[in-house]
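Biologist: I am new to this one. Could you take me through it, one question at a time?

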Amino acid sequence: MTGEREKARPPLGGRAGDKAEALVAQRGQRGAAGSGPQLKAVRKDGWTPARRKRFMETLAATCNVSEAARAAEKNLSSAYYQRRRDPAFAREWNQAMNVGYAELETLLLRQSLFGVEDEELTLDGEGALKSRKLKRGHPHVVAIRLLLAHQGTVEKLRAAEMRDGPEAEDAVAKMRALLDDVRRRREAAGD
């Protein structure tokens, strides 16, 4: 009888209908010093994997946290709270900002070199084309504000990547030392 009751019980103490992929690892209420990670079901209005993905894609495309939160149908303060609370979310956020910043730099450079063309159409009352006007310009005000707002953060991220990345000076020195050690061993072995 005990075996039948266990089969009827939903897995991991969740509600019937919960799926295993809807469970995420989260810290306990007591934080890092507390009980450690535990699996919890994502609330329907919470940061589901789809919402997270939409947030990060929008953040990478626009470099605008408010717009990304709107696209994910989440509150701006909820996004910042999730960033403080979830280290993986914070890493993804930093990567998305780095990508978005690079895209913004590239867009500004392209617009500076080639300008922007915008076609303005005027229709009459019946919907027929009345006139066509081509505008050329360099609209950089919003882009420059975004660049300036995130410049310090992105510079820190890029510096950390260079310091910790495979091209870092200490990484190159370690690799050269390892290669020298391999050469000495091969010479000693007679290869």
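The questions below go from the whole chain to single residues.

Biologist: What kind of model is this, and how many helices and strands does the protein chain have?
Modeller: This is a predicted model. Along the sequence, the pattern reads α-β-β-α-α-α-α-β-β-α-α. The secondary structure comes to seven helices and four strands.

Biologist: What share of the residues in the protein chain is buried?
Modeller: The cut-off for buried is under 20% relative accessible area. The protein chain has 191 residues, and the buried share of them is 23%.

Biologist: Among contacts with a separation of 6 or more, what share comes from residues 24 or more positions apart?
Modeller: Take the contacts in the protein chain with a separation of 6 or more. Residues 24 or more positions apart account for a share of 42%.

Biologist: How far does H2 reach from its first C-alpha to its last?
Modeller: Helix H2 covers residues 49–62. That gives 14 residues, with 20 Å expected at 1.5 Å a residue. The model comes close to that, with a reach of 20 Å.

Biologist: Which helices do the buried residues of H2 pack against?
Modeller: The buried residues of H2 are Arg51, Arg52, Phe55, Met56, Thr58, Leu59 and Ala60. An α-helix has 3.6 residues a turn, so residues three or four places apart point the same way. The buried residues of H2 pack against H3, H4 and H5.

Biologist: How are H2 and H5 oriented to each other, roughly parallel or roughly perpendicular?
Modeller: The axes of H2 and H5 come within 7 Å. They cross at roughly 30°. Angles under 35 degrees count as roughly parallel. The two helices, H2 and H5, are therefore roughly parallel.

Biologist: Which residues of H5 meet H2, and of what classes are the residues in the contact?
Modeller: From H2 come Arg52, Phe55, Met56, Leu59 and Ala60. They meet Ala88, Phe89, Glu92, Trp93, Ala96, Met97, Val99, Gly100 and Glu103 in H5. By class, the contact of H2 with H5 has 10 nonpolar, one polar and three charged residues.

Biologist: And H4 with H5, roughly parallel or roughly perpendicular?
Modeller: Helix H4 spans residues 76–85 and H5 spans residues 87–114. Their axes come within 5 Å and cross at roughly 115°. Angles of 65 to 115 degrees count as roughly perpendicular. H4 and H5 are therefore roughly perpendicular.

Biologist: What classes of residue make up the contact of H4 with H5?
Modeller: Ala79, Tyr80, Gln82, Arg83 and Arg85 in H4 meet Pro87, Phe89, Ala90, Trp93 and Asn94 in H5. These residues divide into six nonpolar, two polar and two charged.

Biologist: Is Arg54 buried or partly exposed?
Modeller: Arg54 sits in helix H2. Beyond its neighbours within four places in sequence, Arg54 is in contact with Ala71, Ala72 and Glu73. The relative accessible area of Arg54 is 31%, so Arg54 is partly exposed.

Biologist: How far apart are the C-alpha atoms of Arg54 and Arg70?
Modeller: Along the chain, Arg54 and Arg70 are 16 residues apart. Their C-alpha atoms are separated by 9.8 Å.

Biologist: Is Cys63 buried or exposed?
Modeller: Cys63 lies in the loop between H2 and H3. The phi of Cys63 is positive, about 60°, although Cys63 is not a glycine. Its relative accessibility is 0%, so Cys63 counts as buried.

Biologist: Is Glu73 buried or exposed?
Modeller: Glu73 is found in the loop between H3 and H4. Glu73 also has a positive phi of about 60° without being a glycine. With a relative accessible area of 55%, Glu73 is exposed.

Biologist: How many bridges join S3 to S4?
Modeller: Strand S3 covers residues 116–123 and strand S4 covers residues 129–137. Val116 has Gly137 in S4 as its bridge partner. Leu121 stands opposite Arg132 in S4. The strands run antiparallel, and the number of bridges between them is eight.

Biologist: Which residue takes a positive phi in the hairpin of S3 and S4?
Modeller: Five residues lie between the two strands of this hairpin. The positive phi is near 90°, and the residue is Gly127.

Terms used
Residues are numbered from 1 along each chain as its sequence is written. This is a predicted model: local features need pLDDT of at least 70, side-chain atom pairs count only at pLDDT 80 or more; totals for chains, interfaces and linings use all residues. Side-chain values use heavy atoms; hydrogens and water are left out. Axes are lines fitted to C-alpha atoms, for helices over the stretch in contact, and angles run from 0 to 180 degrees between N-to-C directions. Angles under 35 degrees count as roughly parallel, over 145 as roughly antiparallel, 65 to 115 as roughly perpendicular and the rest as oblique. Contact means heavy atoms within 4.5 Å. Ala, Val, Leu, Ile, Met, Phe, Trp, Tyr, Cys and Pro count as nonpolar, Asp, Glu, Lys and Arg as charged, and the others, Gly among them, as polar. Two strands pair if DSSP finds at least two bridges between them. The expected span of a helix is 1.5 Å times one less than its number of residues. Buried means under 20% relative accessible area, exposed over 50%, partly exposed in between (1.4 Å probe, protein chains only).
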